[in-house]
Amino acid sequence: MALSGEDRERAPAASVVVCAYTTARWHTIRAALASAAAQTPAPLEVLLVVDHNPELARRARAELSGIRVLDNEGPRGLSGARNTGIDHSVGDVVAFLDDDAAALPGWLAHLLASYADPDVVAVGGAARPQWPAGSGRPGWLPSTGVLDWVVGCTYTGLPTALAEVRNVMGCTMSFRRTVFEVIGGFSTRVGRVGALPLGCEETELCIRARRQLPRARILFEPRATVTHHVSVDRLTWSYLRRRSWSEGVSKAAVSRLAGTGPALAVERRYVARVLPASVGHELVQAARGRPANAGKAIIAIATALLATAGGYLRESARRRRGTAPAAEAAVTAPATAVTELDIRHGTTTLPVPADPGTVYRDAQVLVRDGRWTLDLLRLPVTGTRMNSRDLRLAAPPTRPEPGAWTPKVSVVVPTADRADTVRRCVKSLLATDYPDLEVLLVDNRPHAAEAAALVELASSDPRTRYLAEAQPGVSRARNTGLAEASGPLVAFVDDDIEVDRWWLANLVAELADEAVDCATSLVLPTSLDTPAQRKFEQLKGFGRGAHRQVFGPGLSGGSSQNPFTPGQFGPGGCALWRRSTLAGLGGFDPLLGPGTPTRAGEDLELFLRLARAGGSIVYTPHAVAWHEHGAEWAELRDRLHAYSIGLSAMFVRHLLHRPGDAGAIAAVVPSSVRRILLARSSPRDGGSAGPGARLLLEQLTGLASGPAALARSAWRGRSRWSRCP
């Protein structure tokens with residue numbers, strides 16, 4: 001099948017796309033772009049796609065010339081960034097170069113030469129490792145190169161001359177543009193997100209191309225060479241294990257999408273032939289007097305093989321237990337778009353779905369009037385745009401008086417091993433229009449590599465400070481931030497939340513009323529594309545709707561609901577408090593919350609203490625933030641299980657000190673269990689009870705596990721069930 005009749009008449013011209021996600025790679029990003037621009041023949045254009053990092057995008061636009069800088073218009077991750085580059089490029093061929101790779105002279109020419117054959121749809125090149133300055137190949141990495149794929153480079157077993165292959169390698173590859181027009185772009189169901197060492201998105205694309213284009217040829221051209229920078233953190237045994245495990249997880253995902261035959265054919269040959277030959281080589285080296293390095297290399301081969309197999313089997317089993325293809329198909333339904341509409345502008349555009357096959361049936365629309373929320377609606381989707389004339393708005397919620405009161409606010413953001421996630425959170429906080437702000441970034445798992453990234457993030461803005469709290473638990477991390485806070489108002493924001501421009505100003509406006517002790521936010525999902533995301537929003541969504549609500553005796557219209565009803569106060573992970581109130585309550589209970597055996601419950605427990613002390617809480621829909629719900633059923637099951645453990649642990653913890661509240665707690669148990677049972681399946685998500693039954697089990701077992709989890713937490717903290725500090 002000839003994809004383009006013009007290809008026989010002229011040599012193809014290329015666009016080169018480099019995708020980047022972090023300023024930590026700025027020097028390698030510049031080197032990659034420069035090496036691409038210096039190619040002969042010169043590319044039509046060089047594009048840098050920035051993956052949801054406004055700081056990096058601003059720096060690139062300010063310092064780079066002759067480069068088109070684009071923001072990733074798709075979901076976060078390498079696949080979304082690459083698809084953005086494809087959409088904006090103009091070349092007959094789209095070549096991709098990693099942001100930590102540099103193309104050698106002749107790279108582009110060798111890639112383009114093979115496109116004289118109209119059946120060639122993709123050509124990939126080779127990658128040589130560029131070891132960190134002052135060090136060479138580590139002794140444990142086999143000298144044969146059989147494990148060089150671990151550091152993103154060409155490995156033994158690939159062809160040594162131009163040859164047809166199953167797939168190209170992601171750091172140096174090219175595709176004929178017409179391929180994307182026929183089969184679509186890279187799948188966002190697989191692939192790297194930030195520093196997470198997943199991959200295989202190019203493998204899935206190549207397999208899909210062969211299926212839909214029977215005459216398609218995919219070539220490996222080893223003369224099209226790049227050097228691939230190997231960072232110091234990749235030269236460790238822990239990275240070998242993580243990278244190998246992630247490779248197995250990625251292969252399982254590709255197998256689900258493409259079938260185990262095509263997905264694993266190359267790997268079977270590699271395991272059966274290449275690895276044994278490499279082990280034999282190392283044994284020969286040992287016999288010649290290098291037993292230490294040979295032994296390490298053999299252990300590395302075994303480690304990589306076992307970790308990859310473990311990742312593959314674990315992911316495959318995980319999907320069979322409740323997320324097998326048949327189960328997923330049973331609950332797949334047209335998705336729900338998430339968007340905003342400001343009536344001052346009148347129209348809104350639907351977001352680009354994460355997966356090309358997603359079809360939006362309806363939309364969750366946040367309707368605003370500038371900084372103020374008017375309503376939260378679910379509207380049918382009949383096109384790509386909606387107009388405000390189609391809206392029927394309820395009475396707008398009460399607005400606080402903005403006023404001129406702008407006291408200093410300290411925002412505490414606890415995090416643990418999620419540098420990329422917390423980076424987006426902190427950037428959104430710094431982008432708020434609030435005049436007197438400090439952000440306290442509390443590292444709750446201060447390891448050297450991760451701490452360096454957080455210290456760099458904190459040093460990028462004078463309003464941000466880095467704090468370390470080695471004792472695990474989000475409650476301890478929050479209390480550490482509280483102790484260091486210098487503002488009379490203190491906000492707590494989870495690291496997987498991004499806030500709106502007016503979020504903080506609208507919360508502060510609520511606390512201008514001296515009777516208010518705490519204000520909580522409207523937290524909406526960033527996406528409702530998958531059934532798991534829609535189910536989470538149905539069961540545990542963080543928002544309380546578009547109506548302002550007040551709780552407590554000190555406020556006009558305060559609610560008299562049972563304070564033990566879960567979630568009624570709004571999300572504690574996105575709330576603003578008076579520091580004096582927190583000091584009086586003693587802060588968060590270190591026995592509860594993520595990072596402890598109880599896994600959750602710390603927010604509601606603090607709200608309960610406030611309610612019992614006669615305090616007041618306001619839930620305001622005008623303070624808007626966004627949370628990225630997990631896209632997979634496994635993530636949903638784990639989160640619901642954690643919430644259930646925390647809920648029952650919190651109830652037990654409270655009863656130990658207030659046994660008289662047993663009646664109030666007992667009153668909410670039947671309604672909570674009823675809600676769990678009724679939410680077992682949802683017509684919106686296909687009405688299947690398969691995943692719902694598993695979700696039910698996770699929640700019930702979590703509730704039963706709470707007391708034991710609390711006991712383990714107390715034992716680890718040696719608190720002897722004391723009151724929190």
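User: How many residues of helix α3 are buried?

Analyst: Buried means under 20% relative accessible area, exposed means over 50%, and partly exposed lies in between, with a 1.4 Å probe and protein chains only. Helices (H or I, at least four residues) and strands (E, at least two) are DSSP runs, numbered from the N terminus. Helix α3, residues 78-88, is mostly covered, with nine of its 11 residues buried. Among them are L78, R82, N83 and I86.

User: What should I know about the model before going on?

Analyst: This is a predicted model, where local features need pLDDT of at least 70 and side-chain atom pairs count only at pLDDT 80 or more, while totals for chains, interfaces and linings use all residues. Residues are numbered from 1 along each chain as its sequence is written, and side-chain values use heavy atoms, leaving out hydrogens and water.

User: How many salt bridges does a search of the whole structure find?

Analyst: A salt bridge is a side-chain nitrogen of Lys or Arg within 4 Å of a carboxyl oxygen of Asp or Glu. The search of the whole structure finds 38. One of them pairs D71 with R61, with 3.2 Å between the closest N and O atoms. D71 sits in strand β3 (residues 68-71) and R61 in helix α2 (residues 54-63), 10 residues apart. D71 is partly exposed at 37% relative accessible area, and R61 is partly exposed at 44%.

User: Is D362, the partner of R378 in a salt bridge, buried or exposed?

Analyst: D362 counts as buried, at 7% relative accessibility. R378 is partly exposed, at 40%. Their side chains meet at 3.5 Å, N to O. Because R378 lies in strand β13 (residues 372-380) and D362 in strand β12 (residues 360-369), the pair ties together parts that are 16 residues apart in sequence.

User: Where do D417 and R445 lie?

Analyst: D417 forms a salt bridge with R445, the closest N and O atoms being 2.9 Å apart. D417 is in the loop between β15 (409-415) and α11 (419-430), and R445 is in the loop between β16 (437-443) and α12 (448-459), 28 residues apart. D417 is partly exposed at 36%, as is R445 at 40%. Salt bridges can also form a network, as they do for R25, D99, D100 and R234.

User: Which strands pair with β23?

Analyst: Two strands pair if DSSP finds at least two bridges between them. Strand β19 (residues 497-499) runs antiparallel to β23, joined by three bridges, and E498 has W626 as its bridge partner. Strand β20 (residues 518-525) pairs with β23 in the parallel sense over seven bridges, with L524 opposite W626. Strand β21 (residues 549-551) is antiparallel to β23 over three bridges, and Q549 stands opposite Y619. Strand β23 spans residues 617-627 and is largely enclosed by the rest of the structure, because 11 of its 11 residues are buried.

User: At what angle do α1 and α2 pack?

Analyst: Axes are lines fitted to C-alpha atoms, for helices over the stretch in contact, and angles run from 0 to 180 degrees between N-to-C directions. Helix α1 (residues 26-37) packs against α2 at about 45 degrees, the axes being 12 Å apart. That makes α1 oblique to α2; angles under 35 degrees count as roughly parallel, over 145 as roughly antiparallel, 65 to 115 as roughly perpendicular and the rest as oblique. The contact (heavy atoms within 4.5 Å) is made by W26, I29 and R30 of α1 and L56, R59, A60 and E63 of α2.
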